[in-house]
Amino acid sequence: MSRKIKILLIAMMLVAAVFLSGCVNSSSVDESNSGSDKITENVNPVAEKENSTNDKMMSVPEDTGTNVTNEINKTTNSLNTTNDTTPVYSLNTTNTTSVTAIYSGSGGSSSKHSSSSSSSDDDSGSDETSSDNSDSDENDTVQITDMLGRELVLPNDIDSVIATSPPSTILVYMLAPDKVAGWNFINSFNHTLMDDKYLSLPVIGGWYGTETGNYETLISMDPDIVIEGYNTQGDVNDTILLRQENFGSIPVVAIDGSITYIMRSEPTIEYVGTLLDRERQADKLIDFRNSILTEINDTIKDIPEDQKVHVYYAEGPKGLATDPSGSQHSQVIDICGGINVANCTLTPGNGMTAVSMENVIAWDPEVILTSNTQFYNSVYSDPLWENIDAVANKRVYLAPENPFCWIDRPQGPHLIIGTAWTAKMLYPDQFSDMDLESLTREFYSDFFHYDLTDEELNSLLYPEAEE
């Protein structure tokens, strides 16, 4: 049964419910409300779990270092992450009792954002034309509950999406590339590994890191919805209210900010897949993710602690900034069983704690990971680094970053391919059966929507340091 027919049936049921409600007293109404099992199941948990949801939602700028480590510990023996959290959101429109356009504000309205809640008792006297228009409005909208528990009315067909930060935008791109209205940013390469029709999309900014978006710019894109995920603006409830007030009639859908964490991303991938009518693509991404995490977990659990590789994550052009264990920025090291040598303070938000050359010498890592091309091109010829174990043994690895970095900045669901790459770099013998070339081709084709040539694949996986 189509969504429009379902919504029409719901509307008919609501009319009957309104008629019956006039035949009972207030106590009977209370009793009937308490007996709505399906509604209670899908709506009331929002209120009950609001605090726990807020803890997860987008309030990740304070990078305390506990989230990544805790999630990895939870998955030591199991990767069934979806059992840890009961969803408090719903896209099942048949379980709703009212359609309230809570996003309506001073920003004006558009016909494609019209809500079926616009009809009222006064409309009963409208002529046939008005009735037809009302039916059309009802068929054009659908009610959902977002991942913060807010009830929203959205267009039934979502064709244009703006997300306010890179992790959310990349997720939309991976699941439904033709719905992406614009990029928060785009990396600049001589040859970007992205189809021209996506590469040519406008860069519209957003709210992430130190960036502050421009509401007028985004509103001018006339998107069907705005997706708000990870942000660095503090309390999630205040942020969502601010976004909705400024975006006016364009509904702002809140998704879980844990999309920035590889180990916790599955519920958000599933939700956005349903939201955008791309369930099969979301399932494919979840299967790809779980397959890699299972292989990594099954392999590293047998590595004795004293045989685990000591790793340094070198950031910045001189390599003298880093992120310690537990940071979202260095999470691939933790997931892949490396020992992060950085014994330093975790810098909240953007990370990149400054360290000294003396620190690195004392830590003497066996492997260095970096995403900074300038550092990678200079490290083997720099006398300050020549006695570091990783440099002496040629174990400095430049993470692929075209079109997006595989291991950090931006975080997002694409980091799963970087997790496979990291495992292979840290433990080449243990992961000798992992076909990274095949995984990379599959990932780019299925989720970056780009078929790599042999030359492009080699440039990604086997970069040569420029002298």
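Residues are numbered from 1 along each chain as its sequence is written. In this predicted model, local features need pLDDT of at least 70 and side-chain atom pairs count only at pLDDT 80 or more, while totals for chains, interfaces and linings use all residues; side-chain values use heavy atoms, with hydrogens and water left out.

Confidence was examined at the outset. The pLDDT is the predictor's confidence in each residue, from 0 to 100. Its mean over the protein chain is 78. A value of 70 or more is reached by 69% of the residues. Residues 64–68 stay under 50. For this stretch the model has 13 contacts (heavy atoms within 4.5 Å) beyond four places in sequence. Residues 75–88 are also below 50 in pLDDT. That stretch has 25 contacts beyond near neighbours in sequence. Where pLDDT is low, the predicted coordinates should not be read in detail.

Aromatic pairs were then searched for in the whole structure. Rings of Phe, Tyr and Trp (its six-membered ring) pair if their centres lie within 6.5 Å; planes under 30 degrees apart count as stacked, over 60 as edge-to-face and the rest as tilted. The search finds 20 such pairs. One of them joins F288 and F447. Their ring centres are 5.7 Å apart and their planes stand at 65 degrees, so the pair is edge-to-face. Helices (H or I, at least four residues) and strands (E, at least two) are DSSP runs, numbered from the N terminus. Both partners are buried (under 20% relative accessible area; exposed is over 50%, partly exposed in between; 1.4 Å probe, protein chains only). The relative accessible area is 6% for F288 and 1% for F447.

The rings of F443 and F448 form another pair. Here the centres lie 5.0 Å apart and the planes are at 75 degrees, so this pair is edge-to-face. F443 is buried at 0%, and F448 is buried at 0%. Elsewhere, a charge sits over a ring if NZ of Lys or CZ of Arg is within 6 Å of the ring centre and within 35 degrees of the ring normal. R243 lies over the face of W207 in this way, at 4.1 Å from the ring centre.

A nonpolar core is a set of buried Ala, Val, Leu, Ile, Met, Phe, Trp, Tyr and Cys residues joined through side-chain atoms within 4.5 Å. The largest core has 78 residues. Within this core, L154, I225, L275, L276, W421 and F443 touch the most other members. Beyond four places in sequence, F443 contacts M174, F288, H414, I416, I417 and F448. A second, separate core holds 18 residues, among them A314, W363, V379 and V391.

Helix α7 (residues 166–175) is mostly covered. Of its 10 residues, 10 are buried. These include Y173 and M174. The buried residues of α7 pack against β3 (161–163), α8 (196–199), β4 (225–228), α11, α12 and α18.

Strand β2 (residues 151–155) is mostly covered as well, with four of its five residues buried. Strand β1 (residues 141–145) runs antiparallel to β2 and is joined to it by five bridges (DSSP must find at least two for a pair). Q143 stands opposite V153 in β2. The two strands form a hairpin with five residues between them. In the turn, G149 has a positive phi of about 90 degrees.

Backbone geometry was checked last. Most residues other than glycine have a negative phi, and most peptide bonds are trans. The bond from N402 to P403 is cis, with omega near 5 degrees. R409 and P410 are also joined by a cis peptide bond, with omega about 5 degrees. P403 lies in the loop between β11 (396–398) and α17 (415–426), and P410 is placed in the loop between β11 and α17. D277 has a positive phi near 60 degrees. D277 sits in the loop between α11 (266–275) and α12 and is partly exposed at 48%. D364 has a positive phi of about 45 degrees. Its loop runs between α14 (357–363) and β10 (367–370), and D364 is partly exposed at 33%.
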